[in-house]
Amino acid sequence: MKGELIFVALVVLFAASFFYTMSMHPDSEFGGADGEAEGVIAEINPSYEPWIGNLGFEPPSGEIESLLFALQAAIGAVVIGYFFGYYRGKGQSD
Amino acid sequence: MHISEGFLPGPWWWIWFAISIPVIFFGMYRMNKLISERRELLPLLAVAGAFIFVLSSLKLPSVTGSCSHPTGTGMAAILFGPAITAVLGTIVLLYQALFLAHGGFTTLGANVASMGIIGPVVAYVIYKAGMKANINFYVVVFLATAFADWATYVVTSIQLALAFPAEAGGAMASFQLFAGIFAMTQVPLAIMEGALTALVFKYIVQVKSDALVELKVITSETAEKLRGVVA
């Protein structure tokens, strides 16, 4: 139980830090750090243009993008849950 | 940590490919060997890959007021070593470049180097050193995976700083700018990843400690001890 308790305490702390940041800096956008780095590139070298555009499929909206991210997480979670269950069940029947 | 398509000018994008590609091929060789010799470990390999899938899809808010995501690669690095982890990381980065317009194909080499290679190497080195120093297993897992996560973002900052040196102060000055975003944002996320990975390792010890011994992650004495604590 000790491990779980430490983890839950950290999750609570993490959530608290999020709400603290939100209340202290209400104008925070919580955008991606990747995008902010691109802003820094524009500051350092204003004339830089990406020399090649996006080559893969570009999600047409934020909704489609979150769908694909959710799919990514779901696929991973299914695999993890399946094999942990498999190992646990196998361990009990041995 | 994803550097977007076209955001690394030559020669940097192919320099990072030159570093990553040999490691990926070595990792594929190691992975093939592992799968053919120890087929029973395949599920654990799938779990390690799936862990990267889940964690790298979670964009979490941070104290800097921006969002970033953990990497999940530390767990695979501890279990299977950095080379195999590089292959798993490449699969995830390809998925995101192909379907999510996250990262890119020209920047894949650089992104694999940070998330798939250097981060995992940091995890592996800290893990081995920590276990040698006889520190508690879960504490070592926490430290190794948290620092691997954080190191990934430091490497991304270095990659961007090298490609975009500031006019005044050069690459060092731009490193401070990029690290100010990536390394700062990542601190709470890295702590969370370390704690989560330590917790997952507790469950692996519970259900499949013999696999950890077989992979030489822990000795059978350590496994006995850890299982004794659990039970």
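Tutor: A salt bridge is a side-chain nitrogen of Lys or Arg within 4 Å of a carboxyl oxygen of Asp or Glu. In this predicted model, two salt bridges are counted between chain A and chain B.

Student: And how many are there over all chains?

Tutor: Over all chains, the structure holds four salt bridges.

Student: Which residue does A:Glu4 pair with, and how far apart are the closest N and O atoms?

Tutor: The partner of A:Glu4 is B:Lys202, with the closest N and O atoms 2.6 Å apart. A:Glu4 belongs to helix 1 of chain A and B:Lys202 to helix 7 of chain B, so this pair joins two chains.

Student: Why would such side chains pair at all?

Tutor: Side chains of opposite charge can pair when their charged atoms come close.

Student: What about polar contacts across the interface of chain A and chain B?

Tutor: The rule finds 18 residue pairs in polar contact there, both residues of each pair being at pLDDT 80 or more.

Student: Which elements of chain A supply the side that touches chain B?

Tutor: Helix 1 (2–24), strand 1 (31–32), helix 2 (33–44) and helix 3 (62–93) of chain A each supply at least two residues. Helix 3 of chain A gives the most, with 14 residues.

Student: How does that side of chain A divide by class?

Tutor: The side of chain A that touches chain B has 29 nonpolar, twelve polar and eight charged residues.

Student: Now the totals. How many residues does the contact take from each chain, and what area is buried?

Tutor: Chain A contributes 49 residues to the contact and chain B contributes 63 residues. The buried area between the two chains is about 5000 Å², and carbon and sulfur atoms give 73% of it. Of the area that chain A buries against chain B, 15% comes from A:Phe14, A:Gln72 and A:Tyr87, more than from any other three residues.

Student: Changing topic: which strand of chain B is joined to strand 1 of chain A, and how do they run?

Tutor: Strand 1 of chain A is joined by two bridges to strand 2 (residues 66–68) of chain B, and these strands run parallel. A:Gly31 stands opposite B:Ser66, while A:Gly32 has B:Cys67 as its bridge partner.

Student: Last topic, the backbone of chain B. Which peptide bond is cis, and where does B:Pro11 lie?

Tutor: The bond from B:Gly10 to B:Pro11 is cis, with omega near 0 degrees. B:Pro11 lies in the segment before helix 1 (12–37) of chain B.

Student: And what is the phi of B:Ala101?

Tutor: B:Ala101 has a positive phi of about 55 degrees, although it is not a glycine. B:Ala101 sits in the loop between helix 4 (82–99) and helix 5 (108–132) of chain B. Most residues other than glycine have a negative phi, and most peptide bonds are trans.

Methods:
Residues are numbered from 1 along each chain as its sequence is written. Chains are lettered from A and ligands numbered from 1 in the order in which they are written. This is a predicted model: local features need pLDDT of at least 70, side-chain atom pairs count only at pLDDT 80 or more; totals for chains, interfaces and linings use all residues. Side-chain values use heavy atoms; hydrogens and water are left out. Contact means heavy atoms within 4.5 Å. Buried area is the accessible area (1.4 Å probe) that two parts lose on being put together, summed over both. A polar contact is a pair of N or O atoms within 3.5 Å; within protein, one must be able to donate a hydrogen and the other to accept it, and residues adjacent in sequence count only if both atoms are side-chain atoms. Helices (H or I, at least four residues) and strands (E, at least two) are DSSP runs, numbered from the N terminus. Ala, Val, Leu, Ile, Met, Phe, Trp, Tyr, Cys and Pro count as nonpolar, Asp, Glu, Lys and Arg as charged, and the others, Gly among them, as polar. Two strands pair if DSSP finds at least two bridges between them.
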